[in-house]
Amino acid sequence: EYRVGGRHIVFEDEMFYTHENTTLESNGSDGTIKFTTWFPDVTLRLRKLYGVSKSSFLASVSQFQGDFAAGEGKGGSLFLTTSDKKYILKTVKKNERANLHSMMQDYARYVIAHPATLLPWFLGYYTLNVNEREVTVVIMPNLLPPGFKVHGRYDLKGSLINRAVGKAPEAGETLKDVDWLNRKRTANLSRVDELAIVQQLRLDAAFLAQHNLMDQ
């Protein structure tokens, strides 16, 4: 169940399981709802590869309660989680949608060929339109399992420019690269794991650069 501007929406099974881009429309006394499934062939394949069953995915996403009209994050997108904390929903801005559409098939081929990728796994991609108010989301696995205790959180981008919180951090606040260095944090990895992660980062960066999403 979702809320968009106060309207409650209940997702049904057929909304998630189709093999082509599909728009379902429902008319009621309080307006019209349109639900569009994007690239279902891609997301179905990725869910199978990730080991997510149809029933568990639908159960998790259906349990979610949240309001997409509640506000946006600093980057212009809103992040929400399902009630069981298994999945994260990220809103997709209109100017990002064209890029995502153009690369979706290449992205799927890349992830299937490189299942150890550090790129997010897009297990669902949908647009919900309620009385002309539109929100598009991608659904991704939450890497932190339910009940996992987080002692510190860092957003590391490999840059020192404007990469510090710049004040005494509040409890639970996400810190950045300069904060990591100032606190002398380290990542303890075996040599084998280090090499594997660096190699995967290089592959992922090359894929993103190929699609003009970052510089190498």
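Helix 4 (94-113) is part of what covers the buried residues of helix 6. The model is predicted. Helix 6 spans residues 191-210, and Ser-60 belongs to another helix, helix 3 (residues 54-63).

**Helix 6**
- Helix 6 is made of 20 residues, and the distance from its first C-alpha to its last is 29 Å, close to the 28 Å expected at 1.5 Å a residue.
- Its buried residues are Gln-200, Asp-204, Ala-205, Phe-207, Leu-208 and Ala-209.
- Just after helix 6 comes Asn-212, which has a positive phi of about 60 degrees.

**Nonpolar patch**
- Four residues, Leu-118, Leu-189, Ile-197 and Leu-201, make up a nonpolar patch on the surface.
- Together they have about 350 Å² of accessible area.
- Leu-189 sits in the loop between helix 5 (177-182) and helix 6.
- Leu-189 has a relative accessible area of 45%, so it counts as partly exposed, a class that lies between the 20% and 50% cut-offs.

**Ser-60**
- Ser-60 of helix 3 is buried, because its relative accessible area is 2%, and buried means under 20%.
- The side chains of Ser-60 and Asp-84 are joined by a polar contact of 2.6 Å.
- Leaving aside residues up to four places away in sequence, Ser-60 touches Thr-82, Asp-84, Lys-86 and Tyr-87.

Note on methods. Residues are numbered from 1 along each chain as its sequence is written. This is a predicted model: local features need pLDDT of at least 70, side-chain atom pairs count only at pLDDT 80 or more; totals for chains, interfaces and linings use all residues. Side-chain values use heavy atoms; hydrogens and water are left out. Helices (H or I, at least four residues) and strands (E, at least two) are DSSP runs, numbered from the N terminus. The expected span of a helix is 1.5 Å times one less than its number of residues. Buried means under 20% relative accessible area, exposed over 50%, partly exposed in between (1.4 Å probe, protein chains only). Contact means heavy atoms within 4.5 Å. Patches are made of residues with over 30% relative accessible area and no salt bridge: like charges are joined within 9 Å, nonpolar side chains (Val, Leu, Ile, Met, Phe, Trp, Tyr) within 5 Å. Accessible areas come from the Shrake-Rupley method with a 1.4 Å probe; for residues, only the protein chains shown count as cover. A salt bridge is a side-chain nitrogen of Lys or Arg within 4 Å of a carboxyl oxygen of Asp or Glu. A polar contact is a pair of N or O atoms within 3.5 Å; within protein, one must be able to donate a hydrogen and the other to accept it, and residues adjacent in sequence count only if both atoms are side-chain atoms.
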